[in-house]
Amino acid sequence: MDRSSTDRQEICAGLLQLPARIAPKYFYDVRGSALFEEITRLPEYYPTRTEAAVMQAHGADILQKVGAGGTVIEFGAGSCEKARGLCRLLRPQRFVAVDISAEFLHESVARLRGEFPGLEVLPLVADLGRVVELPAGLPRERRLLFYPGSSIGNFDPPQALELLTRFRGLMAADGALLIGIDLVKDIAVLEAAYDDAAGVTAAFNLNVLDHVNRLIGSDFEPAGWRHVAFYNVAASRIEMHLEALAATRVSWPGGERRFAAGERIHTENSYKYRLAEFFALLARAGFSRSDAWTDPRDWFAAVLARP
Ligand SMILES: C[S@@+](CC[C@H](N)C(=O)[O-])C[C@H]1O[C@@H](n2cnc3c(N)ncnc32)[C@H](O)[C@@H]1O
């Protein structure tokens, strides 16, 4: 089945669930990817700048543990902004940039090639929730898998374990995973990061409806919905939803769904971890040696996990 028909099936099934769901990967059309870049520069959105500061402060340690050269494979590479710093630090021979947002990825990769003329850059459009086939002939030795931005937080714990296990399967004994983890912290700080004063996160969340309209031919009216974000303490996660402002009916070829006023569509979870919990998850996924570096407030961790 091609990507567009699996996407259509997955989205329609999610819209018919109680409560309705749209997976966060559908945020990322070209506009969604650009809005995410805007989010990373917001005063409330601490993860991007905190992770960059941790990587900068501990770059020498990371280099000493993984060594220069080899292959860097970034998952959810987006603008490749974080890859720039890592490529300057590690001077890899090749860089594989994996992302679901095809057009945005190809533009980012073109810019990166211009900046690192000696680096072999291989873009790969793929959905991390499914099996990712790496480019044929990619050396198996000396692979550093890079998964920044705490994107692992978008997966429920069983899926996160499955993804980490698949990451382990993509490397030889000399491989490593460098992964960004957003840590449990003050609720007000967390909620502000997902509901900024300028309304950029709200625009990002609402944009998923336009993207879904294009993917399945539905007739969502984004103006009839509002952005909702809150921290669910029991589940240790930020939840994002879209809430219907009035009773509405949404239809698409082959289906429809009625929503009552106030009914929500669940669009994202972002799990926040305690380091000990995350180390335990890594151990279950087959990583036995893990190091972590955090910022002075312990808000964000860069974790280096090795088999
Ligand atoms: C939160 S952004 C993080 C971007 C960047 N790595 C960073 O740390 O700032 C998530 C990135 O992952 C991509 N993405 C989201 N879901 C994905 C999936 N299921 N498969 C592959 N890429 C995905 C998005 O297109 C986006 O570029």
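## Close-up views of a predicted model

**View 1. Strands β7 and β8, side by side.** Eight bridges tie β7 to strand β8, which covers residues 237-244, and the two run antiparallel. Welcome to the structure, which is a predicted model. To find your way along this pair, look for F230, whose bridge partner in β8 is E239. Another pairing to look for is A229, which stands opposite M240 in β8. Four residues lie between the strands in the hairpin of β7 and β8, and here S236 takes a positive phi near 55°.

**View 2. From β8 across to β11.** E239 is a handy landmark, as its bridge partner in β11 is N269. E239 is also the residue in β8 that is bridged to F230.

**View 3. The whole sheet.** In what order do the four strands of the open sheet come? They follow the order β1-β11-β8-β7, with mixed pairing. β1 (20-21) and β7 (225-232) stand at the edges with a single partner strand each, so one side of each has no neighbour in the sheet. Helix α9, residues 200-216, packs on the sheet and touches β7, β8 and β11 (264-271). The direction of α9 makes about 115° with that of β7.

**View 4. Around the ligand.** Here the ligand is surrounded by 19 residues, and the closest are Y28, G76, G78, L128 and G149. Which helix gives the largest share of this shell? That is α2 (residues 30-40), with three residues. By class, the shell around the ligand holds six nonpolar, nine polar and four charged residues.

View 5. The domain assignment of the chain gives domain 1 as 3-19 + 189-271 and domain 2 as 46-186 + 272-306. Taken over C-alpha atoms, the centres of domain 1 and domain 2 are 28 Å apart. Nine residues from domain 1 and ten residues from domain 2 take part in the contact. On the side of domain 1 that touches domain 2, α8 (187-193) and β11 each supply at least two residues.

Key
Residues numbered from 1 in each chain as written. Predicted model: local features only at pLDDT ≥ 70, side-chain atom pairs only at ≥ 80, totals over all residues. Pairing = 2+ DSSP bridges. Contact = placed C-beta atoms within 7 Å. Axes fitted to C-alpha atoms, helices over the stretch in contact; angles between N-to-C directions. Near = placed C-beta within 6 Å. Nonpolar A, V, L, I, M, F, W, Y, C, P; charged D, E, K, R; others polar. Domains from an automatic or database assignment.
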